[in-house]
Amino acid sequence: VTLPPWLDEPAKQLLNARGNARMPHALLLHEAPGAGGEMLATYAAQLLLCTGPVPACGQCRSCLRVARNEHPDYRLIVPDPELKLGQISVDQVRDLAGQLALSSHEGLGTCVMISPAHALNRFAANALLKTLEEPRPGVLMILLTTSPSLLPATLRSRCLRLRVAAPGRDAALDWLETQRPGRENWSAALDVLGVAPLEALGQDLDQLRDIRAGALEVLRDAGQGRIDVVRTAARWAQGDLALRLRCIENCLTGLVLQPPAEVRRGREVRAGAQLQSSGFDINIPVALALVDGVRELQRLLATSVNKPLALERYLWQLNRAGLAGRTAAG
Ligand SMILES: [Zn+2]
């Protein structure tokens, strides 16, 4: 199996564990969004179930069936579509426990992936804890999540934890380029999504490019304090709002994390990594307040709050910040 280079290290740890016959019975994969946690989970399942000459060969029938999610000893548990909140239910976990009590079909073991593990509701997490407290030999349970803190501590403590960190931006772009050429498109995609290469792979790149252009336009207008708040809010509320806000968040975060030299000397600036030539003047404390603001807005929008109104409030905050930046710079 060929994994993206940034997964080499965690993959090696799993390979060594298998070589020393010390595979954990429960693995908590803490994944940065879109960093490839699912690929690593698939690799772990292949390590367990592979019948080829080298572990997780990627070529044998078992490896191929795992990759296609067709292996009878590989179970994927995802949120129950019947449940509104996108939760994994206690019934799903009980079903699973029943099946684990039987022996595996092909005799090499059984691998279960729960994704995302933070979707387990309270009852499901309790039921799973019981299963983990009495581990069965040959069963590998993989909990994949971007937010381990949302899992009960009792559950976390039963698992070996492995971090799947996001690659650097250049490494992500290099890898995406090997999947499909078009560096400029990939770069725009990462501006919107953050460094989430696996997520970028499945997206409509034209759409992301438009979203990026729209977000930069809003930031440029903010620099003059002249966003047309009501119109922008109404337009954004109609579609792609989550991605638009994510793009704003990533642009501002980029500015804070990689400030141009003038900012490091404590002066007002024009341009961050993604904001070059956008004319958005801002200092770091203000940028941080705007990052907080957009995160708070994203949380609010997940509830049933009045979307245009909440959005308008944030756009006003952007306008004010831009004006403040100009005054300070002038
Ligand atoms: Zn194989």
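**Figure 1. Overall view of the predicted chain.** The chain has 15 helices and seven strands, where helices (H or I, at least four residues) and strands (E, at least two) are DSSP runs numbered from the N terminus. This is a predicted model, in which local features need pLDDT of at least 70 and side-chain atom pairs count only at pLDDT 80 or more, while totals for chains, interfaces and linings use all residues. Residues are numbered from 1 along each chain as its sequence is written, and side-chain values use heavy atoms, with hydrogens and water left out. Along its principal axes the C-alpha trace spans about 70 × 40 × 35 Å. Of the 330 residues in the chain, 48% are buried, a class that means under 20% relative accessible area, with exposed over 50% and partly exposed in between (1.4 Å probe, protein chains only). Among contacts between residues at least 6 apart in sequence, 70% join residues at least 24 apart, contact meaning heavy atoms within 4.5 Å.

**Figure 2. The zinc site.** The zinc ion is coordinated by the SG atoms of C50, C57, C60 and C63 at 2.2 to 2.3 Å; donors are N, O and S atoms within 2.8 Å of the metal (3.2 Å for Na, K and Ca), and water is not among the atoms, so sites may look incomplete. Along the chain these donors follow the spacing C-x6-C-x2-C-x2-C. The arrangement is tetrahedral because the four donor atoms subtend angles of 105 to 119°, four donors being counted as tetrahedral if all angles lie between 85 and 135 degrees. A56 lies in the loop between α2 (37-49) and α3 (61-67), and its phi is near 55°, a positive value in a residue other than glycine. At 3% relative accessibility, A56 counts as buried.

**Figure 3. The aromatic pair of W6 and W175.** Rings of Phe, Tyr and Trp (its six-membered ring) pair if their centres lie within 6.5 Å, with planes under 30 degrees apart counted as stacked, over 60 as edge-to-face and the rest as tilted. By this rule the count comes to one aromatic pair. The ring centres of W6 and W175 are 5.5 Å apart and their planes stand at 85°, so the pair is edge-to-face. Because W6 lies in the segment before α1 (8-19) and W175 in helix α7 (residues 169-179), the pair ties together parts that are 169 residues apart in sequence. Both W6 and W175 are buried.

**Figure 4. Helix α8 and its surroundings.** In helix α8 (residues 183-193) the buried residues are W186, A188, A189, L190, D191, V192 and L193, and the buried residues of α8 pack against α7, α9 (197-201), α10 (205-223) and α12 (241-257). G194, which follows α8, has a positive phi near 80°. The C-alpha atoms of G194 and N250, 56 residues apart along the chain, are separated by 5.9 Å. N250 lies in helix α12 and, at 18% relative accessibility, counts as buried.

**Figure 5. Backbone features in two loops.** A cis peptide bond, with omega about -10°, joins S115 and P116, and P116 has its place in the loop between β3 (110-114) and α5 (122-133). D240, found in the loop between α11 (229-238) and α12, has a positive phi of about 60° although it is not a glycine. At 34% relative accessibility, D240 counts as partly exposed.

Key: Four donors count as tetrahedral if all angles lie between 85 and 135 degrees; four count as square planar and six as octahedral if opposite donors are over 155 degrees apart and all others between 65 and 115; anything else is irregular.
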